[in-house]
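Visitor: I would like to learn how to read a fold from its coordinates. Could you take me through this one, feature by feature?

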Amino acid sequence: MNERVKDPITDDAVLVGSYSLETLTTGMYENPLHCIREYIQNAYDAIRAARGHGLSDVGGLVTVSISGTAARPTLSVKDDGTGIPEAEAVRTLVSIGASKKRPNINAGFRGIGRLAGVAYCTTLRFTTSAQGESIATVVEFDCGRMRGFMRPGADVLDVREVLRACVKTGTIPADPTKHFTEVEMIGLIGVGLEFVEIERLVPYLRQVSPVDFSDRFTPAPRIRAFTESLGHPIGTVEVETRYKKERTQILKAYDNSTPISGGKASTIHDVELITSPDKGWHGWIGLSNFKGELTDDTVAGVRFRLKNIQVGGSEIIEELGSELTVGGTEGRLQRWAVGEVFITEPSVVPNARRDGFEDSPAWRAIKKDIKTRVARRIVTLVRGASTSRKTLKTIAAETSQVASSLQREFIDPAVADRVAATIERLLGRLSPEKLFGGEPNEVAERIAKLKELRDRLVELRARKKPEPEQNPETGPDSGTGAESGAGDPPGTGSSSGAPEKEPGDGVEPGRDEPGPDDTNGDPADEPTWTAEELYDAVYQAMVEQLGQGEADRIVQRAREILEEG
């Protein structure tokens, strides 16, 4: 160090100006509702601490209440956590960026989210009491006056001076058996008035709160058991809203059915569980029919959670999906699915705005892993479901034709063999590994129908071919029997029932029958295939060369051409 540059600065040389408060309040969050998330996050930490301290009366309840008048509405967040002892309360509540919480244990740890409400109300009041104390500490922030110190052109004061001018404290009587913290945003103003719009508040809380799944989401028990088996159970608290004497329990918004555009729905029938213990994350993807982009913004796309509190929204997985291709087209497909990723790596922490994570080697490794194992998997599932729907249509058409071919009184053995082969081929195409994107109910219906047709075929095989009726004038009836092969399914056509050829039949006049030296060769030496075998071979070749989706499209187009005549 330069010998001439060695003197430390004096205490009065440091000025943290009042304008810095703007960054921690009005400029902190893109969505004003994130202010409420900060208070729920603090409540969650207090409840978890109370449980850890063995406080037996902890219900784990966070109450979000709307009160006041239309002209001066109030929103409050109250928990039954540890509370803050009277000796520490004022210092804790007025300190900025001096939290004693640890990020590997607590959801909140920076000590700045507490000021979020200053931007949206006239008075921000904290009331807290610890167990065994007969008083509760009250700390009130005069938010209007604080915002005045942040306005351009205002005199610059040290932040400590601003707080001394704008904060008042006191105590009130309290039940010594109780422990709690309550935050009240009194006299909501501007965009803060959105906080008391219950139709907006409830969906938001369902999206971000550390709560449990709803009973309407049937895969929930599997997800809970999965996370518990990994040693990272989903931590939850109870959250409820109180508005006009009505109480609403807040649960995650996931449901078995999620709306998509056009009044349709994406139906979840199972979940795919994913874990990466070496990277520090695990999660699930809902398996559905993937019919389109989900229109419910509270669940669309895989969401990231830390301590079961949502960080950001669907934009994180959308960005990872867009990185899969040069054009970024796979990003839009991420909103066709639902799911969650739980971050357990201690070194990965959310950024101050909680719309993403701080850059670090651990977070970069997790992103790379998730891009491959989640974002790319969603693309595969979506495209596979599309192919499966086309396959199901093709199978439905072929099944209908097989059914028509079995509308007879008896069946020729050769025809029966070909019909049986068709049924088994269609059943094979309905196997889960080949049709993982199909709707289970529709797949089950197709399988049941084919098995029903297989039983019908067994019944027809058991019937004896009736003797042809004798016509005294024309002889045996040989031209219209059911054994003629009419009505055979595609690829199962038969010439059975036709009179056998006599030597010389079909040979042009003046031409000898083909001999072993003729170009056609001996028929016994030539390979022969049924139309069904040829169809299967062509279809398999198209799948190998073009992929199953393109092969099914070509087959469907061929059928349309046949129908058009």
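Guide: Eight strands form an open sheet with mixed pairing, in the order 5-4-3-6-2-1-7-8. Strands are DSSP runs of E with at least two residues, helices are runs of H or I with at least four, and both are numbered from the N terminus. Two strands pair if DSSP finds at least two bridges between them. At the edges are strand 5 (167-173) and strand 8 (246-250), each of which pairs on one side only. On average, neighbouring strands of this sheet are turned by 15° against each other, direction ignored. Such angles run from 0 to 180 degrees between N-to-C directions, and the axes are lines fitted to C-alpha atoms, for helices over the stretch in contact.

Visitor: Before we go on, what kind of model is this, and how are residues counted?

Guide: It is a predicted model, where local features need pLDDT of at least 70 and side-chain atom pairs count only at pLDDT 80 or more, while totals for chains, interfaces and linings use all residues. Residues are numbered from 1 along each chain as its sequence is written, and side-chain values use heavy atoms, with hydrogens and water left out.

Visitor: In which sense do strand 1 and strand 2 pair, and over how many bridges?

Guide: Strand 1 (residues 61-68) and strand 2 (residues 73-79) are antiparallel partners over seven bridges.

Visitor: Which strands does helix 5 lie across?

Guide: Helix 5 (residues 159-166) lies across strand 4 (135-142) and strand 5, and runs at about 45° to strand 5. Contact here means heavy atoms within 4.5 Å. Helix 5 also packs with helix 4 (residues 143-150), at an angle of about 155° and with the axes 9 Å apart. That makes helix 4 roughly antiparallel to helix 5. For that wording, angles under 35 degrees count as roughly parallel, over 145 as roughly antiparallel, 65 to 115 as roughly perpendicular and the rest as oblique. Arg145, Met146 and Phe149 in helix 4 meet Val162, Leu163, Ala165 and Cys166 in helix 5.

Visitor: How is the handedness of a crossing read?

Guide: A crossing is left-handed if the near helix is turned anticlockwise from the far one by less than a right angle, and right-handed if clockwise. Helix 4 passes helix 5 in a right-handed crossing.

Visitor: What is the order of strands in the sheet of six?

Guide: The order in this open sheet is 9-10-11-14-12-13, again with mixed pairing. Strand 9 (257-259) and strand 13 (309-311) each have a single partner strand, so one side of each is left without a neighbour in the sheet. Here neighbouring strands are turned by 35° against each other on average, direction ignored. Helix 7 (residues 220-229) packs on the sheet, where it touches strand 10 (265-276) and strand 11 (281-288), and its direction makes about 5° with that of strand 10.

Visitor: Where are the hairpins with a positive phi?

Guide: Strand 9 and strand 10 form one, with five residues between them, and Gly262 in its turn has a positive phi of about 80°. These antiparallel strands are joined by three bridges, and Ser257 stands opposite Thr267 in strand 10. In the hairpin of strand 10 and strand 11, four residues lie between the strands, and Gly280 takes a positive phi near 95°. Strand 10 and strand 11 pair in the antiparallel sense over eight bridges, with Asp270 opposite Leu287 in strand 11.

Visitor: At what angle do helix 9 and helix 11 pack?

Guide: Helix 9 (residues 361-405) and helix 11 (residues 440-462) pack at about 20°, with their axes 11 Å apart. That makes helix 9 roughly parallel to helix 11. Helix 9 passes helix 11 in a left-handed crossing.

Visitor: Is Tyr535 buried, partly exposed or exposed?

Guide: Buried means under 20% relative accessible area, exposed over 50% and partly exposed in between, with a 1.4 Å probe and protein chains only. Tyr535 has a relative accessible area of 23%, so this residue is partly exposed. Tyr535 sits in helix 12 (residues 531-546). Not counting residues up to four places away in sequence, Tyr535 touches Glu398, Arg425, Val555 and Arg559.
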